[in-house]
2 protein chains.
Amino acid sequence: VVSASALIIGDEILSGKIQDENSLVLARTLFEQGVRLTRIEVIPDDIDKIASCVRQMSKESDFVFTSGGIGPTHDDKTYEALAKAFGLKMSYHPETLRGFVEYQTLYAPDKPLNEARKKMAFLPEPCEIIHTEGLWVPLVVLGNVYILPGVPSLFARMLEGVKHRFKGPAIERVLIYTQKSEGDIAAELEAVQNAFPQVAIGSYPKYGLPEYMVMLSLEGTDKEAVHEAARLVEAAVEGYRKL
Amino acid sequence: VVSASALIIGDEILSGKIQDENSLVLARTLFEQGVRLTRIEVIPDDIDKIASCVRQMSKESDFVFTSGGIGPTHDDKTYEALAKAFGLKMSYHPETLRGFVEYQTLYAPDKPLNEARKKMAFLPEPCEIIHTEGLWVPLVVLGNVYILPGVPSLFARMLEGVKHRFKGPAIERVLIYTQKSEGDIAAELEAVQNAFPQVAIGSYPKYGLPEYMVMLSLEGTDKEAVHEAARLVEAAVEGYRKL
């Protein structure tokens, strides 16, 4: 199993000002890549908290993704926190700075490369830099940690550009919908689950929809087992699949 | 400071099938109550992981809220995990069972109180039970841990019913919007932040909107300081407030 963790850095999410959209995009992308996302944490823009979380996740998971805190303002502390997490120094990254100058000259002559903007090239050293087509913000990689921006459109584009690096055995998924309620199908589901321990069977009630009462999910890397279990569940719950 | 943590339990969120809506509702509610949400974790439906997370959060925070895993199916493991976390036995809770029978008789004669449904009254002992007007699902409380359902409409109703229990010093918030970009206002923001360390100043760029480039947030329990800092920021960034 290839595993991943997500660290969403942002006071604005914890105080309910802004909804986190990035962890959903990450979850879907990793699922498609066969990588299991096993933990998402949302924490404040606090250097010590970021550092200790990242260190822990970096040990536990094959890949770690952080979101947020890499901008030019005083509340952006992720690079500094990551340097602290891994005992690294920080310095201006020459190639990244050069990229900023080029971008600024070509596309943003009214946006001088001042101290604040240069801060976005003040990075832990050594690090790997991945360039995303069309973006001037770098994707910084430290070991197994990928440091992405919090802005959802940037996060999604960077992830799309780099996702080929993360790959596990394909996970087969079948979704089955039923008009029965959970309490009336629980015993049947459990029987199928016991017969197919290698298939993860999940049951998710949805209230207030006319189409179905419960969505059932069957997932696993053993494709044949997933489909055999799905047939049994479908029959037992008088379910249907969406096209 | 009164603090809280959220534990969102659900494979379906980690695999991107379902978006977590509950942590946003919780974040907004707690902010209004003056309680600081300091951590959100999303983890799988795994007894040991739930138990260890809850134990940790229960020590760190004044209040802990869990979401998910209290239904009648085999993949609902939260009550068992909570019992394990605190070394408690489990037993059928007589009053809750009685409530189920009443509800079933009155409103759901076609939904027998079978083993699966009875599982929802098989609770850690001792526990506190809070009844929510109009709902038959109990809100179970173990010490400082509040165990809520994953279904968003139920989660929101239960939280609304119980929120008066969570109360910290009122947090004042001012939001200011500007057409300037972050790199051009960072120095000014930092100066105000340094002058008002008791005010949390956050800067959140938003791409692709005509109305503004950056939303600035000023928060703190020192109301006067928040408003004084907000005036300085507003002037420095040529900002405006929404009505």
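Q: How much area is buried between chain A and chain B, and what share of it do carbon and sulfur atoms give?
A: The area buried between chain A and chain B is about 4,600 Å², and carbon and sulfur atoms give 56% of it; buried area here is the accessible area (1.4 Å probe) that two parts lose on being put together, summed over both. This is a predicted model in which local features need pLDDT of at least 70 and side-chain atom pairs count only at pLDDT 80 or more, while totals for chains, interfaces and linings use all residues. Residues are numbered from 1 along each chain as its sequence is written, chains are lettered from A and ligands numbered from 1 in the order in which they are written, and side-chain values use heavy atoms, with hydrogens and water left out.

Q: How many salt bridges does the rule find across the interface?
A: It finds 6 salt bridges between chain A and chain B, a salt bridge being a side-chain nitrogen of Lys or Arg within 4 Å of a carboxyl oxygen of Asp or Glu. One of the salt bridges pairs B:K17 with A:E219, whose closest N and O atoms are 2.6 Å apart.

Q: Which strands are joined between the two chains?
A: Strand β2 (residues 35-43) of chain A and strand β2 (residues 35-43) of chain B run antiparallel and are joined by 3 bridges, and A:V42 stands opposite B:I40 there. Two strands pair if DSSP finds at least two bridges between them, and the names come from DSSP runs, numbered from the N terminus, with helices (H or I) of at least four residues and strands (E) of at least two.

Q: New topic: what is the strand order in the open sheet of chain A?
A: The order is β9-β11-β10, with 3 strands in antiparallel pairing. Because β9 (172-178) and β10 (200-205) of chain A stand at the edges with a single partner strand each, one side of each is left without a neighbour in the sheet. The twist averages 20° from one strand to the next, and 7 bridges join β9(A) to strand β11 (residues 214-220) of chain A.

Q: Which helices lie across those strands?
A: Helix α8 (residues 182-195) of chain A lies across β9, β10 and β11, running at about 175° to β10(A), whereas helix α9 (residues 223-236) of chain A lies across β9 and β11, at about 5° to β9(A). Axes are lines fitted to C-alpha atoms, for helices over the stretch in contact, and angles run from 0 to 180 degrees between N-to-C directions.

Q: Where is A:P126, and is the peptide bond from A:E125 cis or trans?
A: A:P126 is in the loop between β5 (122-125) and β6 (128-130) of chain A, and the bond to it from A:E125 is cis, with omega near 0°. Most peptide bonds are trans.

Terms used: Contact means heavy atoms within 4.5 Å.
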